[in-house]
Amino acid sequence: MGRPGRRWLLSCITGFAFAFLWLADPTTSPNNLQVLRKFAFQVSWTSKEILYRLDVGWPNRPEYFTGTTFCVAIDSLSGLVYVAQRGDNIPKVLVFTEDGYFLRSWNYTVDTPHGIFAASTLHEQSVWITDVGSGSYGHTIKKYNSFGDLVQVLGTPGKKGTGLTPLQFDNPAELYVDDTGDIYIVDGDGGLNNRLIKLSQDFMILWLHGERGTGPAKFNIPHSVTVDSAGRVWVADRGNKRIQVFDKDTGEWLGAWNNCFTEEGPSSVRFTPDGKYVIVAQLNLSRVLLVAAPPVGSIGNCSMINTIQLADQVLPHLLDVSGKTGAIYVAEIGAKQVQKYVPVEGYFPSFTHS
């Protein structure tokens with residue numbers, strides 16, 4: 001059987017498997033959701049080739065996912081994967097190796113995690129978490145070491161607000177820390193604020209865009225942020241169904257993509273290690289997009305290359321990409337798990353496969 005025939009057969013088998021699982025248990029128990037991960041499959045958008053495949057063996061012991069997995073961060077320098085989950089009487093942060101081995105967990109001062117970012121150097125392993133809880137540690141952005149010791153708190157713990165002096169947050173969604181230590185924050189997962197803030201490494205505000213609206217540099221639920229190698233800041237403006245792009249030094253608005261997001265806005269945005277592709281999650285469509293990155297000096301329109309179509313109700317919330325292997329790790333709040341997708345050998349020769 002040729003390659004197109006094998007793909008057609010695989011799609012049919014997968015479809016029957018999904019139908020069987022849903023008919024057997026229409027409430028979709030957590031056990032069945034763990035089974036669903038074995039049948040997640042990729043569907044091409046603009047080509048017939050599959051660029052990523054599901055690593056069905058990651059992690060080695062998925063039973064450590066005991067809550068709702070909201071976010072994931074990759075420390076490529078140390079080969080670690082951090083997963084933050086929500087729930088009562090469970091560890092909020094899980095630490096795995098990129099090979100899938102569970103190392104440890106911690107829970108100290110974590111209330112309701114939303115976003116997570118690993119920003120390690122040769123001298124320090126650090127993990128940043130945005131906390132949207134209503135308790136004594138909520139509405140803050142916190143820096144930890146790899147073992148969960150609290151190092152720094154940004155915001156007013158337990159108090160939401162719009163203030164800048166001191167800096168306050170309301171449901172901060174995510175952050176990105178670049179190689180210089182500068183911090184980019186999207187603040188406003190349905191709260192009072194709809195802001196993109198750049199802080200220096202000593203936490204001074206360098207520039208800010210902070211108004212709700214549909215025009216350039218205005219937001220409606222800014223949900224995810226990343227920075228590319230060309231010095232451009234990319235924001236998943238989820239409620240406006242677009243990605244907005246800014247100059248990292250000046251904050252100048254450079255353009256926006258909306259043609260890829262007519263059905264649903266982006267919930268997460270990251271780049272592949274070579275900078276050639278943008279990886280985007282769409283929550284309610286249970287879909288991950290592979291989009292061509294624009295050249296330096298141009299934003300243009302969104303150009304879809306490929307997709308990873310997940311099962312219904314898997315709900316990919318936030319994702320991260322390994323800077324070493326190019327693997328995509330997807331935190332799924334519907335399936336309550338993190339899945340790993342690895343590049344198919346030969347398509348991304350600059351990546352080191354695991």
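Reply: A disulfide here is a pair of cysteine sulfur atoms within 2.5 Å. A search of the whole structure, a predicted model, finds one.

Me: What makes Cys260 and Cys302 a disulfide?
Reply: The S to S distance for Cys260 and Cys302 is 1.9 Å. The cut-off is within 2.5 Å, so the pair qualifies.

Me: Which parts of the chain does the pair link?
Reply: Distant ones, 42 residues apart. Cys260 sits in the loop between strand E17 (253–257) and strand E18 (268–271). Cys302 sits in the loop between strand E20 (287–292) and strand E21 (304–309).

Me: What is the handedness of the link between Cys260 and Cys302?
Reply: Left-handed, with -100 degrees about the S-S bond.

Me: Why is Cys260 called buried?
Reply: Buried means under 20% relative accessible area. Cys260 has 11%, so Cys260 counts as buried.

Me: How do you know that Cys302 is buried?
Reply: The relative accessibility of Cys302 is 7%. That is under 20%, so Cys302 is buried.

Me: What about Cys71: buried or exposed?
Reply: Buried. Cys71 has 1% relative accessibility, and the limit is under 20%.

Me: Why is Pro295 called exposed?
Reply: Exposed means over 50%. Pro295 reaches 56%, so Pro295 counts as exposed. Pro295 is found in the loop between E20 and E21. Its C-alpha atom is separated by 9.8 Å from that of Gly275, 20 residues apart along the chain.

Me: Why is Leu164 called partly exposed?
Reply: Leu164 has a relative accessible area of 41%. Leu164 lies in the loop between strand E9 (150–154) and strand E10 (172–177).

Me: Which residues form a nonpolar surface patch with Leu164?
Reply: Ile205 and Leu208. Together with Leu164 they have about 210 Å² of accessible area.

Me: How much of the protein chain counts as buried?
Reply: 55% of its 354 residues. The protein chain has two helices and 24 strands.

Me: How confident is the predictor in the protein chain?
Reply: The mean pLDDT is 87, and 84% of residues reach 70 or more. Over residues 2–47 the pLDDT is below 50. That stretch has 69 contacts in the model beyond near neighbours in sequence. Where pLDDT is low, the predicted coordinates should not be read in detail.

How values were computed. Residues are numbered from 1 along each chain as its sequence is written. This is a predicted model: local features need pLDDT of at least 70, side-chain atom pairs count only at pLDDT 80 or more; totals for chains, interfaces and linings use all residues. Side-chain values use heavy atoms; hydrogens and water are left out. Helices (H or I, at least four residues) and strands (E, at least two) are DSSP runs, numbered from the N terminus. Buried means under 20% relative accessible area, exposed over 50%, partly exposed in between (1.4 Å probe, protein chains only). pLDDT is the predictor's confidence in each residue, from 0 to 100. Contact means heavy atoms within 4.5 Å. Patches are made of residues with over 30% relative accessible area and no salt bridge: like charges are joined within 9 Å, nonpolar side chains (Val, Leu, Ile, Met, Phe, Trp, Tyr) within 5 Å. Accessible areas come from the Shrake-Rupley method with a 1.4 Å probe; for residues, only the protein chains shown count as cover. A salt bridge is a side-chain nitrogen of Lys or Arg within 4 Å of a carboxyl oxygen of Asp or Glu.
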